[in-house]
Amino acid sequence: MGSMGSPVGDGRRPSIRVAVLGCSGSIGTQTLDVCRRHADKIEVVALSVHSSVSSLVSAAREFGVAHVCVADASAAKDPLLEELPAGCELASGPESLTRLATLPEVDVVVNALVGFSGIHAGFAALRAGKKLAYANKESIVVGGELMMPLVRPGSLLPVDSEHSAIFQCLVGESAQSVSRIWLTCSGGPFYGMGREELSHMSAADALAHPTWTMGEKITVDCSTLMNKGLEVIEAHHLFQQPIDAIRVLVHRQSKIHSMVEFVDGVVKAQLGSSDMRAPIQYALSYPDRWEATATRVDWCAEDPFTFGEADEQAFGCLALAREAGRVGGTLPCVMNAANEVANEAFRRGLCGFLDIERVVSLTMDEARVERVESLEQLDECDARSRARARSLLSEVTR
């Protein structure tokens, strides 16, 4: 792997060479903001999009990248791609993402892909010895048992604000000294509602997140608290802690990004603005810290902090994710696949808010749980679970 040391100031090229997978989404565009801010330290050498060709061409020209990928092969025929910079190599199809993640000239892979589809590129990056800065939590949720054995110290850096916070709190600490992880949660747009009120919520209501600006899929996951359930499983794998040692703490102000409680009763917390550029930058700079890209907080002017309990009775997706994490094996894959199907259906107006939970629950109930052994097995489990979730969705909404 290329040098990950501190950059030099004598006119030589930046020392960190980055591939951004999913560069047109929320995390991808904010990653490029960090790259602009620290152009003396970072060279963007590869970019991918699913189908947002215009965004890809614009970023490729700005950063002068050598490699780009359009994962949706049909979008790769767009004439706009003729405007890519001279000498830029264009590839298409999902398999091209894996190739970008393993390019010899890439040091750091930022995996900002959405959903299960990002697992192959993340797995390939780790196998190739790259540093993986990942926001694709589904990779760890579904394939943590395969991916974590590939991780070397400092090779897997979480971009999620909560997991970045936990990671930072654990620098210099051992996993054995941890008593509990406090995983913070904004509560989403429906905090405090009961199931009757939730049954009337629309996709537009769910997409109005109170503190974070994110893509539509993850924003709906935040409204159901499934996102927090996914993060519980993610933290379980990343930090070697039992599912029940990870407590979800509702913190509406979203300034404490998570906390770690140690066996001696001491609690460490990581605080900062509600700006994803901070954890993205830390994942790129680790073990160094660079000048802030995110907005600084004036703590004297902040409102008082509040804390509350996550309501798993009203928001059953969190309880379902916890159960999937406890059981392990392929059950998190089943859960994630069903959730992706139901989440999309809700956003398209094809089912109600509580139908997301119903479909996930029914799909999990029917699943045959197996030990995780390969990516091919997970691909099959994902496809089978999606098909069953679609069938159940039609029954639930009939």
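Of the 398 residues of the protein chain, 57% count as buried. The model is predicted. The chain holds 15 helices and 12 strands. Its radius of gyration is 21 Å, close to the 21 Å that the globule rule gives for 398 residues, so the chain is as compact as a globular protein of that length. Along the principal axes, the C-alpha atoms fill a box of roughly 60 × 50 × 40 Å.

Contacts within the chain were also sorted by sequence separation. Among those with a separation of 6 or more, 68% come from residues 24 or more positions apart.

One helix pair was examined in detail. Two packed helices are described by the angle between their axes and the distance between the axes. Helix α10 spans residues 226–239, and helix α12 spans residues 316–327. Their axes come within 7 Å and cross at roughly 20°. Angles under 35 degrees count as roughly parallel, so α10 is roughly parallel to α12. The crossing of α10 and α12 is right-handed.

Both helices contribute residues to the contact. From α10 come M226, K228, G229, L230, V232 and I233. From α12 come C317, L318, A321, R322, A324 and G325. By residue class, the contact of α10 with α12 divides into 8 nonpolar, 2 polar and 2 charged residues. Glycine counts as polar in this division, and the contact includes G229 of α10 and G325 of α12. Lys and Arg count as charged; K228 lies on the α10 side and R322 on the α12 side.

Note on methods:
Residues numbered from 1 in each chain as written. Predicted model: local features only at pLDDT ≥ 70, side-chain atom pairs only at ≥ 80, totals over all residues. Heavy atoms only, no water. Axes fitted to C-alpha atoms, helices over the stretch in contact; angles between N-to-C directions. Helix = DSSP H or I, 4+ residues; strand = E, 2+ residues; numbered from the N terminus. Parallel < 35°, antiparallel > 145°, perpendicular 65-115°, else oblique. Left-handed = near helix turned anticlockwise from the far one by under 90°. Contact = heavy atoms within 4.5 Å. Rg over C-alpha atoms; globule rule 2.2 N^0.38 Å. Buried < 20%, exposed > 50% of the residue type's maximum accessible area, 1.4 Å probe, protein only.
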